[in-house]
Amino acid sequence: MDNQASVPNTGSDQGQNLNQILQQVAEHKGCGTSSEGGKASCGSSTAPEDMDPAVWEKVKNHPCYSEEAHHHYARMHVAVAPACNIQCNYCNRKYDCANESRPGVVSEKLTPEQASRKVLAVASTIPQMTVLGIAGPGDPLANPEKTFKTFDLIFNAAPDIKLCLSTNGLSLPDHVETIKKYNVDHVTITINMVDPEVGQHIYPWIYWNHKRVTGIEAARILHERQMLGLEMLTAAGILCKVNSVMIPGINDKHLVEVNKAVKSRGAFLHNIMPLISAPEHGTVFGLNGQRGPTAQELKALQDSCEGEMNMMRHCRQCRADAVGLLGEDRSSEFSTEKVMEMDIQYDAEGRKAYQEKVEVERQATVLAKQAEMTDLEAEFSDLKVLIAVATKGHGRVNEHFGHAQEFQIYELSTKGSKFVGHRRVDLYCQGGYGEEDTLPTVIRAINDCVAVFVAKIGGCPKDSLKAAGIDPVDKYAHEFIEQSAVKYFKEYLTKVKSGEIVHAERGDADIRQGAYIAA
Amino acid sequence: MAFKIITSQCTACSACEPECPNNAIREKDGTFIIKPEKCTECLGYFDDPQCVAVCPVDDTCVIDNSYPRYVEA
């Protein structure tokens, strides 16, 4: 595609891009920030007091809409919607799709009936599974009959499960009424641009009114439909999350504009995700060498958009058939073959009782952090550091360094701890790589952190981490992540003051390339 | 007189099936096929053949040369 020719996509402009984004941060913050009062907590883990109780009710156990909930609650996607009505340059329908993380041509798509049975099977096995989403592998609203038939079956069989869907927005205005009818109160729209000039470099064509429309006209129609759909959702009281793929040199700086546009139209949460692009994906961007952002570039853009709008930073860009907590994928346990053999007992009462226990655990996590915060708030320091955490969920430091498939990243300051992202490392641990090969890759993935919290760690990796300037910390094994993080930061400040350690800026880190697949 | 689907290219995404004005497309053995006797190349319905317009893989829905071109009655 020649539309890529003028777009810089080599590593040499990374620094320049970052500076431009940081410049925009300053400009954006100046006008975009308002009081905390109207800001709902979800992308961040702010206390629920600042949130409308009706909204909190909708998001509190939705792992994708609440960062805090994602430690405790699981979701699943059913792949009932294979058809799509647009083409994106980061997606290849013939092979596995990178950003939408589609199951691909070899994995199974489901009929609504199969999907409904699978949902009941998962709900019976994983009582903290609270959300069913339809996310493709195409566009759910390009398959309206299959999508809504699935919702209908689940709505009747398991009314306690929240329903959600994601869409590119092209058909959205036609379906808002039906979405409302099925009580779907979370909809995600992928919006990568609000300017067709930018959009033409992302979307080669759309299928619209029985025609294939290309170029800037395609992007213009898509943009208008997305904005109309978002406004209609807001008017209907349906919570809307906006996903944007950050494509350096194409829409990275433009996403600040996208953020303003969707915020003003009532979007609840903005999720800026890194482009995943590699030649083996066979996508236009994979083949023309378009790079994805670095960890620092992504964080700078997310920070710049964090005015009065919540930013989602815990997205795992999962598959359209993912099952489990966001950081895990248990889909292989629930193949159609296995699901058909299962004896499914849907126990609504048992699920409720389990979720009540989860709530107790979750409250304990929040209270422990708040208690730890008391003497930190009196400290004066503008120091900010990142730490990496190995966790299996429940908000605790409970994973062995060597077993971690991902590390969660927290930013620590005198304001406390804040979840700012995650780094996948499991892809590198597969395919016959030995320990010695894996470690440098893990270190590159968390290179911007001063410490890594683990439940346990061996002697060798401990030494390598220390040599790389990353403090391996196992003394908080099985304790709450955020409480431990605040504790650690207080110690860190003390050590810096006493001169025991010298605080230095850390470098950038790698974002893994590859869709989330079952481990 | 008809389009055909190159089986090896078809991702079985099903996008073409509901768009066909002649109901000539159905799933068979994990991929999609066009019934040639039913296909009118969308003549009389749309300016563009719908299966071609919606198919995500280029050059997958193509003219089947083993049939003469469709002529409107």
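In which hand, left or right, does H12(A) pass H16(A) in their crossing? This tour of a predicted model reaches that crossing at its second stop; local features need pLDDT of at least 70, side-chain atom pairs count only at pLDDT 80 or more, and totals for chains, interfaces and linings use all residues. Residues are numbered from 1 along each chain as its sequence is written, while chains are lettered from A and ligands numbered from 1 in the order in which they are written.

**Chain A and helix H5**

Select chain A, which has 16 helices and 16 strands (DSSP runs numbered from the N terminus: H or I of at least four residues for helices, E of at least two for strands). Of its 519 residues, 52% are buried, that is, with 20 or more other C-beta atoms within 10 Å of their own, the C-beta atoms being placed from the backbone.

Next, select residues 172-181 of chain A, helix H5, and highlight its buried residues: A:Leu172, A:His175, A:Val176 and A:Ile179. Viewed down the axis of H5(A), these residues fall within an arc of 140° and so line one face of the helix; the arc is that of the directions from the helix axis to the C-beta atoms. Among the elements that cover them are helices H4 (144-157) and H7 (215-235) and strands E4 (162-167) and E5 (186-190) of chain A. After H5(A) comes A:Asn183, with a positive phi near 60°.

**Helices H12 and H16**

Select residues 348-373 (H12) and 481-498 (H16) of chain A, whose axes lie 7 Å apart at an angle of about 15°. Axes are lines fitted to C-alpha atoms over the stretch in contact, and angles run from 0 to 180 degrees between N-to-C directions. H12(A) is therefore roughly parallel to H16(A), the term for angles under 35 degrees. The crossing is left-handed: the near helix is turned anticlockwise from the far one by less than a right angle.

To display the contact (C-beta atoms within 7 Å), show A:Thr365, A:Ala368, A:Lys369, A:Glu372 and A:Met373 of H12(A) with A:Glu482, A:Gln483, A:Val486 and A:Lys487 of H16(A).

**Chain B**

Now display both chains: 13 residues of chain A are in contact with 12 residues of chain B.

Finally, select B:Tyr67, in the segment after strand E4 (61-63) of chain B. B:Tyr67 counts as partly exposed because it has 14 C-beta neighbours inside 10 Å; this class lies between exposed (12 or fewer) and buried (20 or more). B:Gly44 is 23 residues from B:Tyr67 in sequence and 19 Å away in space, C-alpha to C-alpha.

Key:
Contact = placed C-beta atoms within 7 Å. Parallel < 35°, antiparallel > 145°, perpendicular 65-115°, else oblique.
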